[in-house]
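Morning, everyone. I have one structure to walk through today. Please have it up on your screens.

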Amino acid sequence: MTTLDNITDAQIEALRQEALAAGDMRMAAICRAALGGEHAAKDVCVEAIQEAEAMDDSDSFEEVGTRWDPAQC
């Protein structure tokens, strides 16, 4: 999980690019401030990335090859 201690400029830049693509100029500006060293802005970026990580279902059972089949119960 991303924290204030391990967030990278690359993660912040990726978030900025996603914000721009989505038309979220407020988040893009926050990311720009975070990249400029503003601590409070970096906190906001960490929170946004943590929310995205929490919603990420790329480790779903289906993707790792363990598909639940109710017929096997």
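Start with the crossing of H2 and H3: it is left-handed. This is a predicted model, so keep that in mind throughout. Helix H2 covers residues 25–35 and helix H3 covers residues 39–55. They pack at an angle of about 120 degrees. Their axes lie 8 Å apart. H2 and H3 are therefore oblique to each other.

Who makes that contact? On the H2 side, look for Met27, Ile30, Cys31, Ala33 and Ala34. On the H3 side, look for Ala41, Lys42, Val44, Cys45 and Ala48. Sort the contact of H2 with H3 by class and you get nine nonpolar residues, one charged residue and no polar ones.

You will have spotted a cysteine on each side of that contact, Cys31 on H2 and Cys45 on H3. So how far is the sulfur of Cys31 from the closest cysteine sulfur? The distance is 3.6 Å, and the partner is Cys45. That is too far for a bond, because a disulfide here needs the two sulfur atoms within 2.5 Å. From the other end, Cys45 is in no disulfide either, and its nearest cysteine sulfur is that of Cys31. Search the whole structure and the disulfide count is zero.

Are these two cysteines buried or exposed? Cys31 is buried, at a relative accessible area of 0%. Cys45 is buried too, also with 0%.

Next pair: H1 and H2. Their axes come within 8 Å and cross at roughly 160 degrees. H1 and H2 are therefore roughly antiparallel to each other. The crossing of H1 past H2 is left-handed. From H1, the contact uses Asp9, Ile12, Glu13, Leu15, Arg16, Ala19 and Leu20. From H2, it uses Met25, Met27, Ala28, Cys31, Arg32, Ala34 and Leu35. By class, the contact of H1 with H2 has 10 nonpolar and four charged residues, with no polar ones.

Helix H1 runs over residues 9–21. It packs against H3 at an angle of about 75 degrees, with the axes 11 Å apart. H1 and H3 are therefore roughly perpendicular to each other. H1 brings Gln11, Ile12 and Leu15. H3 brings Lys42, Cys45, Ala48 and Ile49. By class, that contact has five nonpolar residues, one polar and one charged.

Cys31 takes part in the contact of H2 with H3 and in the contact of H1 with H2. Cys45 takes part in the contact of H2 with H3 and in the contact of H1 with H3.

Now one spot on H3: Glu53. What does Glu53 touch, leaving aside residues up to four places away in sequence? Met1 and Thr2. Glu53 and Thr2 are 51 residues apart in sequence. In space they are 8.2 Å apart, C-alpha to C-alpha. Glu53 is partly exposed, with a relative accessible area of 30%.

Last, step back to the whole chain. The protein chain has three helices and zero strands. Read along the sequence, the pattern is α-α-α. The chain has 73 residues, and 22% of them count as buried. Take the contacts between residues at least 6 apart in sequence: 47% of those join residues at least 24 apart.

That's my tour. Questions, please.

Terms used:
Residues are numbered from 1 along each chain as its sequence is written. This is a predicted model: local features need pLDDT of at least 70, side-chain atom pairs count only at pLDDT 80 or more; totals for chains, interfaces and linings use all residues. Side-chain values use heavy atoms; hydrogens and water are left out. Axes are lines fitted to C-alpha atoms, for helices over the stretch in contact, and angles run from 0 to 180 degrees between N-to-C directions. Helices (H or I, at least four residues) and strands (E, at least two) are DSSP runs, numbered from the N terminus. Angles under 35 degrees count as roughly parallel, over 145 as roughly antiparallel, 65 to 115 as roughly perpendicular and the rest as oblique. A crossing is left-handed if the near helix is turned anticlockwise from the far one by less than a right angle, and right-handed if clockwise. Contact means heavy atoms within 4.5 Å. Ala, Val, Leu, Ile, Met, Phe, Trp, Tyr, Cys and Pro count as nonpolar, Asp, Glu, Lys and Arg as charged, and the others, Gly among them, as polar. Buried means under 20% relative accessible area, exposed over 50%, partly exposed in between (1.4 Å probe, protein chains only).
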